[in-house]
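These entries record what I looked up in the structure, residue by residue and then helix by helix.

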Amino acid sequence: MNPDPNQTAHQSRQKCPNCGLVNAGSDDLCRRCGAALDADDNAKLSTAEPADVVPKKRGFLKRLVWVLATTLILLVIWYASLLISSDGLQPDQREKVQRAIAVLQQQDFNREAFILKHLAVFRSTDSWWNTYVGHRDAYAATNFPFEVVTLYPEFFDIPVDDKERAAVLLHESCHLMGSGEEAALGATWRNKRQLGWTLDRYKQTRLWNATELLTKAQFPYMFQCGPDGQSDCF
């Protein structure tokens, strides 16, 4: 096989160490400055030249994909840790939750029922995160955006029926959609009549009284209706 003449010519060129001019391989002296050309120095220079090549920077799209993939992996690990560090529901508890969700669906809270039924994961004990951040006395706690709902013993013991448990889940479904505590409290109170959770039937229950007190404290304008201006507006 004959050597490539272009490649041979390129390899035989000599760069002047004094002025930088590239001379022919047969030259002993630089054509510009007359300095002696050292073949060994040029060989070293030729070997070192590739090190000066700047590596191509990673494109924006590749960096974006890397950031998104890393974030997704971290979220999956976090979500798995919430489930591993908590306990699931017992069969009888799960049955009560399903009945409460069915009440929501029957009363046309379809979006809330769908989220609770298909997206939420219910736990019966606190995960490590709930234990770390703590929470006030409650019937349930929600970890958004992981859609993990922890139901405490009060959820199963204090409500008098499935409709009152549905009221609690209606509140938690607001959290599952990203609402804060005040927004969830207000939405639950405004929609209680549609749910069928009304004063005439539930005014003596612990859940009703506790929710009414909290709602009055947060939204006093909701209790400025009626002839006396002190009645519930919803």
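I took helices (H or I, at least four residues) and strands (E, at least two) as DSSP runs, numbered from the N terminus. I note at the outset that the model is predicted.

**Entry 1: S124**

I first located S124 and found it in the loop between β3 (121–123) and α6 (128–133). Is S124 buried or exposed? I read a relative accessible area of 17% for S124; buried means under 20%, so S124 counts as buried.

I then looked for a polar partner of the S124 side chain. A polar atom of that side chain lies 2.8 Å from the backbone oxygen of G88. Leaving aside residues up to four places away in sequence, I listed the contacts of S124 as D87, G88, L89, Q93, T150 and L151.

**Entry 2: L83**

I placed L83 in helix α3, which covers residues 60–84. Its relative accessibility is 22%, and I therefore recorded L83 as partly exposed, the class between under 20% and over 50%.

Which residues does L83 touch, not counting those up to four places away in sequence? I found V121, R123 and V148.

**Entry 3: helix α8 and its ends**

I counted 15 residues in α8. From its first C-alpha to its last, α8 reaches 20 Å, close to the 21 Å expected at 1.5 Å a residue. I noted that 15 of the 15 residues of α8 are buried, so the helix is largely enclosed by the rest of the structure.

At the start of α8, I found a side-chain oxygen of D161 within 3.2 Å of the backbone nitrogen of K163. Just after α8, I recorded a positive phi of about 100° for G178.

**Entry 4: α5 against α8**

How do the axes of α5 and α8 cross? I found that the axes of helix α5 (residues 110–119) and helix α8 (residues 162–176) come within 10 Å and cross at roughly 80°. Angles of 65 to 115 degrees count as roughly perpendicular, and I therefore assigned α5 and α8 to that class.

On the α5 side, I listed E112, I115 and L116 in the contact. On the α8 side, I listed L169, L170, S173 and L176. By type, the residues of this contact divide into five nonpolar, one polar and one charged.

Technical notes. Residues numbered from 1 in each chain as written. Predicted model: local features only at pLDDT ≥ 70, side-chain atom pairs only at ≥ 80, totals over all residues. Heavy atoms only, no water. Buried < 20%, exposed > 50% of the residue type's maximum accessible area, 1.4 Å probe, protein only. Contact = heavy atoms within 4.5 Å. Polar contact = N/O pair within 3.5 Å; in protein donor to acceptor, adjacent residues only side chain to side chain. Axes fitted to C-alpha atoms, helices over the stretch in contact; angles between N-to-C directions. Parallel < 35°, antiparallel > 145°, perpendicular 65-115°, else oblique. Nonpolar A, V, L, I, M, F, W, Y, C, P; charged D, E, K, R; others polar. Expected span 1.5 Å × (residues − 1).
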